[in-house]
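The tour goes stop by stop, with something to select at each one.

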Amino acid sequence: MSSKIRSLFQGFRSSLDADHGASGSFSGDSDSPTTSTTTYDSSPAAAIPRRAPPTPPDEKDNHHHLKTLQHFQQSIPVHSKNSSPSSTTSPENQHNHNQHKNYENRETMTDAQQIEVNGLVHSISHTLSLSNSPTSTFHSPVGSYNSRTTFNRPSGKQLKPFNTQDIKILLLENVNVAAREILESQGYQVEFHKSSLPEDQLVEKIRDVHVIGIRSKTKLSAKVLREAKNLLVIGCFCIGTNQVDLEYAAKHGISVFNSPFSNSRSVAELVISEIIALARQLGDRSMEMHNGTWNKVSARCWEIRGKILGIIGYGHIGSQLSVLSEAMGMKVIYYDVVPLMALGTAKQVPTLKDLLEQADFVTLHVPEIPETKNMIGAEQLAQMKQGSYLINASRGSVVDIPALIESMRSGHTAGAALDVYPSEPAANGDYFNDTLNTWGNDLRSLKNLILTPHIGGSTEEAQSAIGVEVGEALVRYINSGSTIGCVNMPEVTLRSLTLAEENHVRVIFIHSNRPGVLRQVNSILGDHNVDKQMSDSRGDVAYLMADISDVNAGDIRSLYESLEALSSKIMTRVLY
């Protein structure tokens with residue numbers, strides 16, 4: 001690439017960086033308990049600036065990006081991959097074109113988009129396009145869950161662990177087919193089960209696998225994980241991770257990934273439907289019709305327009321619900337333990353009591369932690385308005401069910417919708433009874449009560465998106481060691497090795513976070529050329545990645561055994 005073209009291309013990248021406020025260093029979530037970060041990169045590709053993936057451009061930014069793109073197009077010729085210079089091209093221009101082509105083949109672009117110069121126009125135009133409306137056949141719209149943009153990226157080198165011949169994966173609880181296809185396409189051995197397994201069978205199965213994929217029913221306690229001698233990573237194909245002992249997993253080098261965003265819309269839509277169904281007593285009217293009773297009434301049936309919705313937990317689901325309910329004419333207030341910017345005209349209230357006293361409908365969207373156990377009990381139900389409604393699609397431990405039964409029997413609470421319960425069956429069937437929860441029959445006897453079997457995120461779109469998100473995270477971790485999106489490890493990643501880097505290996509060393517370890521590791525790596533290295537820590541666990549060049553087959557075992565011998569070692573992986 002000529003110096004003029006290189007200057008123009010870097011100028012174009014700089015203008016995008018300035019618009020998005022991008023920085024050259026990776027920054028994780030502000031609430032991650034990270035204590036130290038070290039980054040080193042001596043590779044030729046390090047000369048190109050790296051930055052965190054940009055957020056999608058706002059509509060107001062489109063004109064600036066397009067103007068910059070037009071200027072860039074005017075400055076360099078854009079050829080298709082199959083086109084060649086004209087026969088009348090001057091020797092000097094021919095030489096510059098070949099230089100540009102050779103530079104593209106030699107250099108690896110580390111930006112998150114990784115767009116080749118010849119593919120830039122198409123890729124940026126695609127980024128700025130708007131999604132279409134859903135069609136009448138109910139296919140997902142362009143840009144929805146099932147749509148994944150594939151950028152024109154350089155091919156990465158396929159890495160494999162030297163000490164593991166076959167990756168064995170166990171998928172439980174009917175994990176979506178999208179995940180299975182992603183994992184099987186990598187050549188992994190995938191064993192699939194439609195339901196969770198009893199603990200004794202789970203212990204037997206988990207002993208030999210490198211990866212396990214679960215949803216919300218399977219409990220991976222310390223007792224179970226203690227038997228997992230080969231386990232590298234856990235994929236939670238859901239939002240929550242409370243079913244996994246995260247601390248035990250981290251201290252034994254087992255990474256855990258989940259899908260925190262993919263089913264948010266599905267849950268929000270379910271809650272909207274339940275608000276309307278409770279306000280109109282649709283559940284009771286439907287049941288009466290099924291029993292042959294015609295009962296056309298309007299008493300205590302309401303429009304939701306103008307009513308106040310109180311959202312407890314203004315995260316991914318709560319904020320989406322806020323927007324949807326305002327579009328239907330509701331007024332929104334919300335309570336959260338941290339100050340959060342409101343969407344639309346919603347207002348944050350200072351205390352839970354303030355919300356309960358004002359809201360006509362109260363909906364819960366909080367995690368299962370000690371602070372939220374029985375968050376809504378007899379005292380809180382009494383603080384709610386007479387004739388108000390309660391919806392819980394978060395976690396079963398958040399609501400004191402016996403207290404809710406008493407409140408509904410007294411008429412103080414006019415209706416409720418529950419999608420989660422303190423104890424839930426491990427499989428489909430006639431299991432939701434008094435044996436599982438002692439109050440089961442009393443709960444089912446109530447009027448204007450909607451009971452659903454934990455289906456908040458159970459839509460085709462959400463499950464497919466979760467399968468893709470977690471499946472791809474597992475592949476990245478297995479093949480390259482990237483922990484981006486991991487919930488119990490420091491978030492560390494390095495750019496992919498290229499096909500041109502033939503004698504390179506990637507060392508991954510998970511170790512106890514204590515003084516002197518990096519010195520010991522670097523003394524082992526010091527006999528080799530370290531192209532790039534990154535280390536980060538989270539609590540008592542640290543995670544180091546390093547790419548080493550000019551390594552022969554005999555060096556690989558030596559590196560592995562030397563790192564394994566360190567007393568700080570939790571897990572060592574060498575990918576080549």
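A patch is built from residues with over 30% relative accessible area and no salt bridge; like charges are joined within 9 Å, and nonpolar side chains (Val, Leu, Ile, Met, Phe, Trp, Tyr) within 5 Å. Areas come from the Shrake-Rupley method with a 1.4 Å probe, and for residues only the protein chains shown count as cover. A salt bridge puts a side-chain nitrogen of Lys or Arg within 4 Å of a carboxyl oxygen of Asp or Glu.

The model is predicted: local features need pLDDT of at least 70, side-chain atom pairs count only at pLDDT 80 or more, and totals for chains, interfaces and linings use all residues. Residues are numbered from 1 along each chain as its sequence is written, and side-chain values use heavy atoms, leaving out hydrogens and water.

**Stop 1: a surface patch**

Select V323, M341 and L343. Together they form a nonpolar patch on the surface, with about 290 Å² of accessible area. V323 lies in helix α11. Helices (H or I, at least four residues) and strands (E, at least two) are DSSP runs, numbered from the N terminus. Because its relative accessibility is 44%, V323 counts as partly exposed. The scale runs from buried (under 20% relative accessible area) through partly exposed to exposed (over 50%), with a 1.4 Å probe and protein chains only.

**Stop 2: a tyrosine pair**

Ring pairs come next. Rings of Phe, Tyr and Trp (its six-membered ring) pair if their centres lie within 6.5 Å; planes under 30 degrees apart count as stacked, over 60 as edge-to-face and the rest as tilted. By this rule there are four aromatic pairs. Select one of them, Y314 and Y334: the rings are stacked, 3.7 Å centre to centre, with 10° between the planes. Y314 is in the loop between β7 (308–312) and α11 (316–327), and Y334 is in strand β8 (residues 331–335), so the pair ties together parts that are 20 residues apart in sequence. Both tyrosines, Y314 and Y334, are buried.

**Stop 3: charges over rings**

A charge sits over a ring if NZ of Lys or CZ of Arg is within 6 Å of the ring centre and within 35 degrees of the ring normal. Select R180 and F192: the charged end of R180 sits over the F192 ring, 3.8 Å from its centre. Then select R573 and Y477. Here the charged end of R573 is over the Y477 ring, 5.1 Å from its centre.

**Stop 4**

Switch to cartoon view. Two strands pair if DSSP finds at least two bridges between them. Seven strands make an open sheet in the order β9-β8-β7-β10-β11-β12-β13, with parallel pairing. Its edge strands, β9 (347–348) and β13 (449–451), each pair on one side only. Strand β12 (residues 413–418) pairs with β13 in the parallel sense over three bridges.

**Stop 5: strand β4**

Select residues 211–214, strand β4. Strand β2 (residues 168–171) runs parallel to β4, joined by three bridges. L171 stands opposite G213 in β4. Strand β5 (residues 233–236) also pairs with β4 in the parallel sense, over four bridges. I214 stands opposite C236 in β5.

**Stop 6: a hairpin**

Move to residues 529–538, strand β15. This strand is mostly covered: eight of its ten residues are buried. Nine bridges join β15 to the antiparallel strand β16 (residues 541–549). Q533 has A546 in β16 as its bridge partner. The two strands, β15 and β16, form a hairpin with two residues between them, and G539 in the turn has a positive phi of about 65°.

**Stop 7: salt bridges**

The structure holds 17 salt bridges. Select E247 and K251, whose closest N and O atoms are 3.1 Å apart. Both E247 and K251 lie in helix α8 (residues 246–251), four residues apart, about one turn of the helix. E247 is exposed at 52% relative accessible area, whereas K251 counts as partly exposed at 41%.

Now select E357 and K353, which meet in a salt bridge of 3.9 Å, N to O. E357 and K353 are both in helix α12 (residues 352–358), four residues apart, about one turn of the helix.
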